[in-house]
Amino acid sequence: MGGDGSISIKTRKFMYNALLGRKQFVIDLTNTTKKGTVPKADVREKLADMYKVSDPNCISVFGFRNDFGGGKITGFGLIYDDLAMAKQVEPRFRMIRLGLRKKRDTNRKQLKERKNRTKKYRGLAKIRGPKKKKAN
């Protein structure tokens, strides 16, 4: 866990969100290793041990900020009830970070050109394309 492992995790503002099927809380890390930032993977592993979560992919941590002077890091954590709920609720960019989804390999220029081509049409024509002219 980074050096001698003197990292302690405390959670506060802990609540269970039944609609989204997750536990959500603020994470306070105290880091005395003098090695800089703690990897999120280590934080997820330690939270999995604390809350007895079988699949660490159900845990999402983000938004970490260092307090001035060092030693204390504050962030946000989510523990989903199951992986299906995590995939349903979590935003795409966070799932890509966790490795639950693949990043799109499309070209930015192609996306922008397609967007500008669809500006010429209204309604369903944007989806289906322009109407075909009848050949006589």
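The side chain of arginine 22 makes a polar contact with the side chain of glutamine 24, at 2.8 Å. A polar contact is a pair of N or O atoms within 3.5 Å; within protein, one must be able to donate a hydrogen and the other to accept it, and residues adjacent in sequence count only if both atoms are side-chain atoms. The side chain of tyrosine 80 also makes a polar contact with that of arginine 22, at 2.9 Å. The model is predicted: local features need pLDDT of at least 70, side-chain atom pairs count only at pLDDT 80 or more, and totals for chains, interfaces and linings use all residues. Residues are numbered from 1 along each chain as its sequence is written, and side-chain values use heavy atoms, without hydrogens and water.

Arginine 22 is buried (under 20% relative accessible area; exposed is over 50%, partly exposed in between; 1.4 Å probe, protein chains only). Arginine 22 has no salt bridge, defined as a side-chain nitrogen of Lys or Arg within 4 Å of a carboxyl oxygen of Asp or Glu. The nearest side chain of opposite charge, glutamate 90, is 4.5 Å away.

The structure holds four aromatic pairs (ring centres of Phe, Tyr or the six-membered ring of Trp within 6.5 Å; planes under 30 degrees apart are stacked, over 60 edge-to-face, the rest tilted). Phenylalanine 14 and tyrosine 51 form a stacked pair, 5.4 Å centre to centre with 25° between the planes. This pair ties together parts that are 37 residues apart in sequence. Phenylalanine 14 is partly exposed, at 40% relative accessible area. Tyrosine 51 is partly exposed at 24%. Phe14, Phe25 and Tyr51 form one aromatic cluster.

Conventions
Lys, Arg positive; Asp, Glu negative; His and termini not counted. Helix = DSSP H or I, 4+ residues; strand = E, 2+ residues; numbered from the N terminus.
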